[in-house]
Amino acid sequence: QMNMSAHDAAPREPKKFTGRCRLFVGNVTSETSDEEFKNLFSKFGETGEMFLNGSKGFGFIRLDYRHNAEAAKAALDGSQHKGRTLRVRFSNQGSAIKIKNLSPFVSNELLEMAMQQFGDVERAVVVVDDRGRSTGEGIVEFARKPGAQQALKRINDGVFLMTSSQRPISAENLEAKDEDDGLSEKFLPRNQQYQAEREKEPRFAPPGSFEYRFGLKYREIDELEKQQIERVKQEMDQQRMKLEHEMEGAMFDFQAEQIRADLLRQQEELRRLEEMKTEKMRRRQEYDFRMDDEQRLNMMDDDRQHMMRGGRPGMDQPGGNMLRGDNQRGGGGGAPLPPPPAPPAGMGFDSPSDQMPSSSVGKKGDDRANKKTNRFDSNPGNFGGNPSNFGNHPGGNMPNQGGMFGNNRNMGGMGNRNDRRRDMGGMGGPRDDYGEMKRMRRF
């Protein structure tokens with residue numbers, strides 16, 4: 001919305017040396033010098049641009065203000081200078097254009113502001129009727145002719161809109177007319193055609209005469225022209241009204257389409273944001289799961305290594321009761337590990353020393369195997385030295401001295417391996433967790 005401020009709408013000081021202050025001077029003698037030509041107008045005001053062509057008998061001069069140029073024109077037009085009658089007129093330099101199809105709400109200031117993009121504007125006015133209402137036409141005077149030519153080309157080739165109205169303006173060259181002084185009798189040529197036209201005085205043709213009949217025919221042609229112009233004007237007005245109604249409907253459809261397009265864009269943007277949020281949450285969950293799995297694998301690996309060094313799984317030191325993961329995180333707390341599960345019945349563990357895990361597979365494993373062998377050999381309730389067992393029975397099929405498992409080192413070694421296997425991978429112990437860890441790493 002374009003609103004002109006009070007400062008822009010206030011009357012401004014008239015510009016100096018505009019195109020409206022430029023005068024054409026004709027019938028100048030060839031003996032007239034530039035200084036003499038300038039002195040003819042200097043008494044009416046400040047003079048500016050000046051051009052004199054004495055050989056062809058004309059010149060141009062520009063005064064500071066319009067009223068000074070009008071005073072010089074009124075005083076010098078028709079005056080004698082060195083035996084010749086001077087002709088003084090306002091100059092038309094082709095820098096003025098006429099604008100049509102203006103809205104009733106276009107002012108002089110708005111018209112001037114709109115035309116500034118084509119060149120320096122010296123004057124812009126909206127033509128009004130006797131009641132001060134806009135006639136839809138305006139006059140724009142540019143400082144230079146190229147500005148007027150550019151305005152003509154761009155306005156007529158494109159669609160230039162002055163207001164929110166969809167009707168574009170049009171431009172055409174302004175025909176220079178002198179409606180103030182007109183044509184004086186002293187400037188008419190005295191030739192034969194002048195003498196023939198002036199033979200008769202102004203009169204009414206008598207009815208029925210030759211002049212009267214042909215005068216009526218001329219009038220009929222003029223009336224026919226006026227009727228056709230009026231009919232064409234009415235048809236054009238109807239077409240414009242029809243176009244305005246069509247434009248209103250098309251404007252509603254266009255606005256509805258724009259609203260639908262905006263809604264679709266907003267829905268698409270909302271969907272994209274939801275997808276981004278879902279993807280971010282999914283990545284966050286994957287990251288948390290991965291970190292939990294990695295932490296669990298590290299704890300299992302630490303427990304396995306600690307067990308191999310002779311400690312209990314999940315204990316930081318042989319006498320400790322805290323989880324390794326809690327101590328590493330610096331929490332300083334945590335629930336104590338539950339006691340290890342009791343071995344199954346019938347596995348041959350008779351003393352607490354037999355239930356302790358083996359710290360190595362070297363010398364300690366051999367000592368334990370020897371202890372188990374001696375226990376099996378000396379225990380009367382077992383297979384070793386019991387006379388009622390298989391070893392010394394008269395009808396026995398196994399003559400091995402010392403019973404079925406007697407002092408056989410291979411059998412003792414079997415027991416040792418079973419102990420180590422139970423210690424390393426008992427039911428529900430670290431060995432099962434280690435196998436699960438290996439499967440997760442493969443995954």
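**Before starting.** I am working with a predicted model, in which local features need pLDDT of at least 70 and side-chain atom pairs count only at pLDDT 80 or more, while totals for chains, interfaces and linings use all residues. Residues are numbered from 1 along each chain as its sequence is written, and side-chain values use heavy atoms, with hydrogens and water left out.

**The whole chain.** I looked up the secondary structure and found 12 helices and 10 strands in the protein chain; helices (H or I, at least four residues) and strands (E, at least two) are DSSP runs, numbered from the N terminus. Of the 443 residues in the protein chain, 25% count as buried, where buried stands for under 20% relative accessible area with a 1.4 Å probe, protein chains only.

**The sheet.** I then turned to an open sheet of four strands, which has the order S8-S9-S7-S10 with antiparallel pairing; two strands pair if DSSP finds at least two bridges between them. At its edges I noted strand S8 (121-128) and strand S10 (170-173), each of which pairs on one side only. From one strand to the next the twist averages 25 degrees, with axes taken as lines fitted to C-alpha atoms, for helices over the stretch in contact, and angles running from 0 to 180 degrees between N-to-C directions.

**Pairs of strands.** I found that S8 and strand S9 (residues 134-142) pair in the antiparallel sense over six bridges. Ala 124 stands opposite Val 140 in S9, and Val 128 stands opposite Ser 134, also in S9. The hairpin of S8 and S9 has five residues between the strands, and there I noted that Gly 132 takes a positive phi near 85 degrees. S7 and S9 are paired in the antiparallel sense as well, over four bridges, and Ile 99 stands opposite Gly 138 in S9.

Helix H5 (residues 145-157), in turn, lies across S7, S9 and S10, running at about 140 degrees to S10.

Notes
Contact = heavy atoms within 4.5 Å. Buried < 20%, exposed > 50% of the residue type's maximum accessible area, 1.4 Å probe, protein only.
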